[in-house]
Amino acid sequence: MLAMFMWVPLGAALAVVRSATFLVLPFSLSVPLLAALGMHSRLIANPSSASKNLFACNHRSLLDPLYVAAAAGRADLAAATYSISRLSEVLSPIPTFRLTRDRAADRAAMHAKLQSRGTGGGGLVVCPEGTTCREPYLLRFSPLFAELGHDVAPVALHSSVGMFHGTTAGGWKALDPMFLLMNPVPAYIVQFLDTLECGGGGPEAARAVANELQRRIAEALGYTCTGLTRKDKYLMLAGNEGLVDVNHGGGAKKKSPTCAT
């Protein structure tokens, strides 16, 4: 504990430098520079998957879409998000795509975003768990991504930290990336898996695809699949349903969503 508190001033300065590197430099320069600053990463590539338009990954931290975009060499990717703070959106080096938890509206918006790729709109990175999970488990995957009719590139993510977990359940979510970047040597493994075909077929088919994606990612990481949802996690850990008050820095609110996906 003494070592942790002694590290905090240096860690805070290091987090600011790392954040500025993410924000200012292109991936071709920021990735090797961040490695020199102690951020280790390992890529297990799959060229056929890296060129896809829709990426679905497990959710370890708010930096997941950045790691996916950097590993794929795709600055045109946007992160589909539910509940992150305005500060995190402003500071994100890739575009963020806010969802509302209204299934019909979110499906239409995501479909429009994917259709815009032909006009320079780019692709999407989605985290079907709907919230971060820092233990070796996978929460239940929402099938919304599988209802879009686009083949999906599964991405298995594993992260490890030494001091700080940037995955609060009841605190200020806007500080999550900062705490993660304060670690002396944060590490990520990014593994692109074989493409999963999503040909439509209704809600049952979409749920089957979501379950298969969860199984494949869990198998690649050696994690355990669970049937727990985002709501279950927050009720157990924080006593609320995990919504973020975007107007007040990202603290969790005790309010029910209009329609959980």
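A: Let us begin with a single residue, bearing in mind that this model is predicted. Leu175 has a relative accessibility of 42%, so it counts as partly exposed. Leu175 is located in the loop between strand E7 (153–160) and helix H7 (176–181).

Q: Which residues make the nonpolar surface patch with Leu175?

A: The patch is made by Val16, Trp172, Leu175, Met178 and Phe179, and its area is about 460 Å².

Q: How is a pair of aromatic rings described?

A: One gives the distance of the centres and the angle of the planes. In this structure, the count comes to three aromatic pairs. One of them joins Phe55 and Phe192: the ring centres are 6.1 Å apart and the planes stand at 75°, so this pair is edge-to-face.

Q: Where do Phe55 and Phe192 lie in the chain?

A: Phe55 belongs to strand E2 (residues 54–57) and Phe192 to strand E8 (residues 187–192), so the pair ties together parts that are 137 residues apart in sequence. Both Phe55 and Phe192 are buried.

A: A further pair consists of Phe164 and Phe179, which is tilted, with 5.9 Å from centre to centre and 50° between the planes. Phe164 is in the loop between E7 and H7, while Phe179 is in helix H7, 15 residues apart.

Q: Is Phe164 buried or exposed?

A: Phe164 has a relative accessible area of 9%, so it is buried. Phe179, by contrast, has a relative accessible area of 33% and is therefore partly exposed. Phe179 thus takes part in this tilted pair and also in the nonpolar surface patch.

Definitions and conventions. Residues numbered from 1 in each chain as written. Predicted model: local features only at pLDDT ≥ 70, side-chain atom pairs only at ≥ 80, totals over all residues. Heavy atoms only, no water. Patch = residues over 30% accessible without salt bridge, like charges linked within 9 Å, V, L, I, M, F, W, Y side chains within 5 Å. Areas by Shrake-Rupley, 256 points an atom, 1.4 Å probe, with all protein chains shown as cover. Salt bridge = Lys/Arg side-chain N within 4 Å of Asp/Glu carboxyl O. Helix = DSSP H or I, 4+ residues; strand = E, 2+ residues; numbered from the N terminus. Buried < 20%, exposed > 50% of the residue type's maximum accessible area, 1.4 Å probe, protein only. Phe/Tyr/Trp six-rings, centres within 6.5 Å; stacked < 30°, edge-to-face > 60°.
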